[in-house]
Amino acid sequence: MNAQPNERPEINELLIYVQNRIASVSDPSELEPIEVEILGRKGRLTLMLRGIGSLPAEERPVFGQQLNEARRKIETIIAERKTELEEATAAARIKAESLDVTLPGRFYFVGRKHPLTITIEEVKRIFIGLGFEVFDGPEIEDYRYNFEALNYPEEHPAMDEQMSFYITDDRLMRTQTTAFQARVMENRRPPLKMITIGRCFRYEAVDATHSHTFHQVDGFGVDEGISFSDLKGLLLQFAREMWGPNVKTRFRPDFFPFVEPGADFSVSCVLCGGKGCSVCKQTGWLEVAGAGLIHPNVLESVGYDSEKYTGFAFGFGIERMPMLKYGIDDLRLFLDNDLRFLRQI
Amino acid sequence: MKLPVDWLKEYVSFDCSPAELAEVLTMAGHEVEESLSLSAADAEKAGGTSAAAGRPILNLKITPNRGDCLSIVGIAREISAVLNTPFTPPQVALESEGSYGAPITDAINIEIRHPDLCQRYSAILVRNVKIGPSPDWLKNRLIQAGLRPISNIVDVTNYILWELGQPLHAFDCSLIKDGKIIVRRAKDGETITTIDGVERRLEPNMLVIADSEKAVALAGVMGGLNSEVSDKTVDVLIESARFDPVSIRTTSKRLGLVTESSYRFERHVDPGACVFAAKRAAEMMRDIAGGEIAAGTVDEYPGRPDPVILEVRPERVNKVLGCELSTEQMAAYLERLGLATTADETLRVTIPTRRSDLNREIDLIEEIARIHGYNNIPTRLPLMPLLQGADTEINRFENKIRETLLSCGGQEVVSHTFVSGTLVELTGTSDIAVRVRNPLSEELSYLRPALIPSLLSIVSRNHAFGIRDLAVFEVGRIYKKTADNIFEEPRSVAFASSGIQWNTAWGIDRESLRSDFYLCKGVAEELLNKIGIKTCDFKRHSVPYLHPGRTAKIMKDGVQIGIIGEVSAQTRDLLDLRENVLVFEMDTYALKSLATETKNFVPAPRFPSVNRHIAVVVDCEVEYDSIIEAAYLSNSLIEKIELMDVYQGPHLPQNKKSLTLSVNFRSQKATLTEEQITAALEAVKNSLRQAVGADFRA
């Protein structure tokens, strides 16, 4: 703040005085006494303004003007200093309150669903969306529903893949969820679209790709005019929902006693996209389901007119789905319940 | 089944690479599991020459309905049908019987005692053979097929088995007593030493081939050592028969003996081709072992099948497949498979005896689809009436339980159905637990009768991994049998926790977070609350594996719906649990029947409440529930009572505890006056003095 030409020296002195005073202040509250000392009712500048009457009349206007200007200046520098001091105080407080934001967050364990549950929910979501009704059948199943009603001839080699755990002579742990078909059809009439999801048991030693306990989803539909085309369309729709819109599908003949024509349903390998990798054994395809049109013998065994009604049926292994999704290479992990595994989901 | 591609080319012409051939076969329903070739070293080690090395071999998985495809010729016919290329099956020249020296009928007599188990038995005699090694080409064929060369005569039988799918057996004719071949059931206690040197005890339902004295072969499974072809053999009797699949399968399973022969008989061997196969074998033996074929054949064929002619309606084919094939096209597909077809309004298809899998129209529809190619069938979504898709109510209810326990910090686990007897005994449920008749091991011999034991073994395993801070739960089936042997599969929900349920808890008093009975009870109460079950009672209870003083049954309207408690010290030792473990289990169906979906909205109160704390001093044995009950009964102004603290210690006499209660008073009609509150509080105190002998600390 430079002295103006013609400025009275006492005004300049006052300004310098104020500047020095406020510079030495460290707390905004100390500024108020200074303001009062200079600008208050008995302040120095106020007194100088009152003393203006003792000056010659021609000097009064200029002096008055200079005093008013000085007043504005003083008010400004005090306000500025106040802001400056307040900001500094706030900054100091924030600094003192600062945290190490890189310290870990505190949290309690939140549970995760089991990967099989996640998969089963996903499969259900898709089939329910396609109008399928869920049915829960028993795991301790009648031999009849597990084999006979599914058109297995007595002592047929097809049973070699269905070695069973027996509870009594005629009750066994179901080897396939397909056992629900006749159970449902015996009590219902077409049109029907049903699925069941659950555990199956086969007499097999456990290794990375086999287990005595595993999960399947089985489904079927019965109505007039169902054709193999419908089965193809339905499973294509499921595959697109499950593995994405670009998945390719393939049907090839296969044998299951309860379907005719019988098929194996494969999807293009979800890991390599069909180019060939270790998971798909270089074929580009993953076999994900057995399927076909329900054998007329099965329909007739529950009293359906197999001329009038036809039906499709399919069965997927559940474990395969999360194995592909999460890159899991050992089936045993699902029922081992090692939390180091489950907590990664 | 291993399929040397060179061998295949003798009967069918095709112009594609082994990889393309594998694709063709796979898409026709004969999955090629691997493509391989032998190294020179492997070939020589197996008894062949280096000429067998490097040649393509496909390994096929033939489905159990296609016994006719368990041969080179069978697969050649399939390739011919799919690719529509010429099929040239092997031929035999032995047409004019009786021109080959002394007839076999002079030497051999056949008696089939069980025509239901042996539909056909035919034999040819080859005299004066010279036993020796097979020529290299034959050895190489066999090792490419995965078979072991033995001697020229045995190798021929194996060659024919692989080529035609007809199992043959070669007897040393001199060892067949009286030239008598009897197809009969084994006698009780009869034994036979099979050519693998194992003495086998037979059962009366097993079929044997016997001479006038003894069993000489286990029919369709394996020959007997007593009639085996050896270096000394001069005359060879070739057996070519058709046995009942179920009988062979039963015998094979019972003896634990699966052979290439039994494998084929189980899956159907063509009864119509027995004599042809025997003739072809005889010709080969003559050619490579220098034998002379005796005139004629003995052939007993009591089980000659009736001719099978199936009708196929073209419009039905198209309806079932969703195709628009012409009748001519369908007929052509069937003809290519060797199924003679005449076309009219319908197709009349003659089924050859090799195809036991073709029994009704639908089977031929599949054949048409197979040759047409599944991938050439159109794809469309089913045009069915609109049906409401839905999950079952119990599954939806379980999901709700799951969501609640997840939000309580529980990790969902899925445990095995099969558990050990130890876990069953632990829970004292042996009488209701379901036992597996043929378990894989004792560890897997029961179906879980409850979920807690399974959770405890999961907790134990994780403790061993060093994970002691955990909370796990499972929602699933348990298995029980009733007194009258009815099997039930109720559903259950169980929870277990140990340690501290905080992932990261630095700077917090960790001990205050440690799992205890009350934290576990809090989870149980949250679950009950969430599913709309109010005011359950927790009653002191006793369970074999839980701490006797820290166990309760969960009751609703006098009915037990679950248990909760702390695992006893003995159980901890038994299961190697390294931390205190808290558990609860509840009956899901019971919860579902008690659950209320509707929650009624209550308006916010119009008048203020007043809160007072009182410190109630009672004997230690006095239960909180009895205090609260007495308090509520004392007057109607109590809105809520909350427990603030429980104190036991130096400031109280022994056997006394002090409960600090926060009591909320409120009237729905007016703001309470000081006098009303004082009176109400005094009523509470009086009630507690009378009911539970309470004193009050200032």
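Tutor: We can begin with the contact between the chains, which takes 94 residues from chain A and 92 residues from chain B; contact means heavy atoms within 4.5 Å. The model is predicted, so local features need pLDDT of at least 70 and side-chain atom pairs count only at pLDDT 80 or more, while totals for chains, interfaces and linings use all residues. Residues are numbered from 1 along each chain as its sequence is written, chains are lettered from A and ligands numbered from 1 in the order in which they are written, and side-chain values use heavy atoms, with hydrogens and water left out.

Student: What area do chain A and chain B bury between them?

Tutor: About 8,200 Å², with 55% of it on carbon and sulfur atoms. Buried area is the accessible area (1.4 Å probe) that two parts lose on being put together, summed over both.

Student: What makes Asp136(A) and Arg491(B) a salt bridge?

Tutor: The rule asks for a side-chain nitrogen of Lys or Arg within 4 Å of a carboxyl oxygen of Asp or Glu. For Asp136(A) and Arg491(B) the N to O distance is 3.1 Å, so the pair meets the rule. Across the interface of chain A and chain B there are 14 salt bridges. Helix α8 (residues 228–243) of chain A gives the most to the side of chain A that touches chain B, namely eight residues. Helices (H or I, at least four residues) and strands (E, at least two) are DSSP runs, numbered from the N terminus.

Student: Why is Thr251(B) called buried?

Tutor: Buried means under 20% relative accessible area, exposed over 50%, and partly exposed in between (1.4 Å probe, protein chains only). Thr251(B) has 4% relative accessibility, so it counts as buried. This residue lies in helix α7 (residues 245–255) of chain B. Leaving aside neighbours within four places in sequence, Thr251(B) is in contact with Met206(B), Leu207(B), Leu218(B) and Val221(B).

Student: What makes Arg313(B) and Glu307(A) a pair that joins two chains?

Tutor: The closest N and O atoms of Arg313(B) and Glu307(A) are 2.8 Å apart, and the pair forms a salt bridge. Arg313(B) lies in the loop between β16 (308–312) and α10 (314–321) of chain B, and Glu307(A) in the loop between α9 (296–301) and β10 (309–317) of chain A, so the pair joins two chains. Arg313(B), at 24% relative accessibility, counts as partly exposed, and Glu307(A), at 39%, is also partly exposed.
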